[in-house]
Amino acid sequence: MKKIRYSTIKGNSAGYLALLALLGAFAGAGLVAAYFMEHYGHYITGMNNQIVWGTPHVFAVFLIVAASGALNTASIASVFSKTAYKPLARLSGLLAIALLAGGLMILVLDLGRADRLVVAMTYYNFKSIFAWNIILYNGFFLLVAIYLWTMMDPTMSRYTKTAGVAAFVWRLILTTGTGSIFGFLVARLAYNEAIMAPLFIVMSFAFGLAILILVTMAACKWTGRPLGDALMRRLKNLLGVFIAGTLLLLLAYHLTKLYITQYHGVEAFILRDGGVYTQLFWLGWILLGSLVPLAIVYHPAWGKNRSLIGFAATLVILGGLAAMYVIIIGGQAYPLLIFPGKEVVSSFSDGVINSYTPSLPEFALGVGGFAVALIIVALAVKVLQFLPESLADEVVDPHHK
Amino acid sequence: MTVGQLSRQCILAAGLLLALPALADETGPLAVVPKPRAEANPEFGCVRPEEDMRKHHMDYLMVHRDDTLRRGIRTRDFSLAECVNCHITPKPDGQYARFGEKEHFCSSCHTYAAVRIDCFECHRDTPDPEKVRETAQQNPHRGLAADSNHPAGIMPVSATVGEAR
Amino acid sequence: MDKKSNQTDQARRRFFGQVAAVASLTVAPGVILQQVAHARSPEEPASDKNRWGILINTNKCAEGCDACVTACQDEYGWGPNGPETRSSDLQKAQWIRKVKLTDKQTGHVQTLPLMCQHCEHPPCVDVCPTGASMKRADGIVLVDKHICIGCRYCMMACPYKARSFIHEELHDQKVNAPRGKGTVESCTLCVQRVDAGRQPACVEACPEQAMIFGDLKDPESAISRELRENGGEQIRADLGLNTGIRYQGL
């Protein structure tokens, strides 16, 4: 096996600048949207007193979940000593930081009082899983930064494994925390399940890896770096395992809810009667986001086709967004069970399916967060040596002759 | 904190630093501060001496805000409603000055010193029309006092009240 | 406040308290006596010796009557005639609402007012990242808007949907109800009235006297006696939140 060499990208091609300009435009639109939401208030959004978390949160939670998953490739190399993944470890760490930054940006800019971020950093209610998440996010940035340092500074390389283990454990706790934001909500019928935490963890594996695959393919293609079949085969197989894992936990989640009579209403809503939420669940999350990619990556011929693997990864990302939409907004659309056994009518949408129409500012803010994450990656690979010069089989595969 | 907010904070901090020497220099150009409607206290007008209030009003307000909201302590001296009741006076056109206008007691100085406050994003920035003190004989702490059911409302007023305008 | 004037104030307050107590005993024993028991001097903090609650008799609550809701709107300036002009109906705050219940089996219809239930173990307080959502010593659950960052997690957590978010800039708020863009709010149990020994506006306004306000920790209060004699249930009692608002005939 050859020594892995890393290099920065030149970053002066027209394509690179065009990419930055495009991402910059999306990021700018997101910031403008956030400014309007802050200045005028949330009445310009589709969010209301029933659907209190909307499209921004779909993007934010997706990015935060994907961030911890993006670190996985590095963890597999450092913690589980699979050297084949080592060339991608730096990019994996970078993506983790960038995606988390993008997700948090959305979350913070959506706050009713984003100007009070310093309050969120100075007043802590330690019984709140949300407060714990703030600590977990900050710790994640720090740990991954240290981890990257140990990988990039030869004098620090003996600490790589320690830092890698710490970051890996931390990321598991972090995603547990993110899932528990929903899992701890006693009153919402769609949440209130301990399985939300492991479900979010296994989803993070899939989403993060899908993004890593796409970024790797794009980076290699645009900078003319070789990308061998050996690595692609490993990555796409791993993606398949994570998709299957997600489906398994999702099955357990819905079987549990379907078994318990109290939850029949909410299950019927999500799985059968929920209109857009049902469609997003079956078509978006299950069919396009899971089954089709699963078929592609394990198909003997399609699984060797680069374009199809990229397509599968894209589907996993879109399916992930659909999943978040179903979980976050679908979960709020179904009414609370305040009076069991009664039909309820009131002026405050009691007993009815809550309506929500995503608005342009929300969407712009969400996409802006994505763009910011990618800008961070694009700029970082220009200034520091994140990208391996080659991902050809002889670099990746220890048994390559 | 976003870059925008950070830069705004930095600008505010810079503005404050620039404004401080001007405030310290008695002869410098000071903000024109509207006079209160009345005096709460025969000794020194406000609930505390003016000098003390200038330097420490934010601390008094901070302590009072937590005492009131979190502990239910409803003394009158540093109640923001009472500050507004006495200090926010009508403009020449008879309308009460709003926060942000130079005739508004709080913003006259805060704009000048470039110190951003968010009190009035929730709190009313003008006296309550139903509870405002209209004549010199009335209690300067009229907000709570107008509420005859409140224990504070039956307390005798020791202050001699004079019309400031 | 220096020590001397503090002592003077307290002596004065004791005197007024005694006068009021004597007066109420002679004038109107039942009702006023209860009020005097609530009244604290302004500098005395809320105490955990009290636990304020409301008992609502749904059998007395008339369908079509919304006196409690309009009283709350008048007191605090929310609702259709309030300052939220740009928010959609779904975005406008509602501190208290009338709910009409129809039993799915029997068709029995009843109505009741629903607002913050002032739980002993409030989920909104548990989830709030900054501690803005808080419970006073006497059990009143409030939002400290000074440190609310507007994340709306409390709205996700509340089993009663008692909270609202302010979606636009507001002006000319009521002095008693500071409320503004980007923060969450809900029923305060008329905390400033309670501190002054008065009843919440909704209780006062109910034409059927269907609501009894009082101290759940005082066994001799009207609410405690009524609960002891005729019972009263909590909404979603299964959640174990021990609400301060109780209902009869649920």
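Which element of chain B has the lowest mean pLDDT, and which the highest? The lowest belongs to helix H5 (residues 142-145) of chain B, at 46, and the highest to helix H2 (residues 50-71) of chain B, at 95. Here pLDDT is the predictor's confidence in each residue, from 0 to 100. Helices (H or I, at least four residues) and strands (E, at least two) are DSSP runs, numbered from the N terminus.

This is a predicted model, in which local features need pLDDT of at least 70 and side-chain atom pairs count only at pLDDT 80 or more, while totals for chains, interfaces and linings use all residues. Residues are numbered from 1 along each chain as its sequence is written, and chains are lettered from A and ligands numbered from 1 in the order in which they are written.

Stay with chain B for a moment. Its pLDDT averages 73, and 60% of the residues score at least 70. Over residues 21-26 of chain B the pLDDT is below 50, and this stretch has three contacts in the model beyond near neighbours in sequence. Two residues are in contact if their C-beta atoms, placed from the backbone, lie within 7 Å. Residues 142-165 of chain B also have a pLDDT below 50, but that stretch has 61 contacts beyond near neighbours in sequence.

Now turn to chain A. It has 14 helices and three strands. Its radius of gyration is 21 Å, close to the 21 Å that the globule rule gives for 401 residues, so chain A is as compact as a globular protein of that length. The radius is taken over C-alpha atoms, and the rule is 2.2 Å times the number of residues to the power 0.38. Along the principal axes, the C-alpha atoms of chain A fill a box of roughly 70 × 45 × 40 Å. Of the 401 residues in chain A, 54% are buried. A residue is buried if 20 or more other C-beta atoms lie within 10 Å of its own, exposed if 12 or fewer, and partly exposed in between, with C-beta atoms placed from the backbone.

Look next at helix H8 (residues 196-223) of chain A. From first C-alpha to last, its 28 residues reach 40 Å, close to the 40 Å expected at 1.5 Å a residue. That expected span is 1.5 Å times one less than the number of residues. H8(A) is mostly covered, with 20 of its 28 residues buried. Gly224(A) follows H8(A) and has a positive phi, near 65 degrees.

Most residues other than glycine have a negative phi. Ser81(A) has a positive one, near 55 degrees. Ser81(A) sits in the loop between helix H3 (72-78) and helix H4 (89-110) of chain A. It counts as exposed, with 11 C-beta neighbours inside 10 Å. Arg236(C) is not a glycine either, and its phi is positive, about 50 degrees. Arg236(C) is buried, with 20 other C-beta atoms within 10 Å.

Chain C has eight helices and nine strands. Buried residues make up 52% of its 250 residues.

Where chains A and C meet, the contact takes 39 residues from chain A and 47 residues from chain C. The largest share of the chain C side, seven residues, comes from strand E2(C). Strand E2 (residues 342-346) of chain A pairs with E2(C) in the antiparallel sense over five bridges. Two strands pair if DSSP finds at least two bridges between them. Within this pairing, Val344(A) stands opposite Leu101(C) in E2(C).
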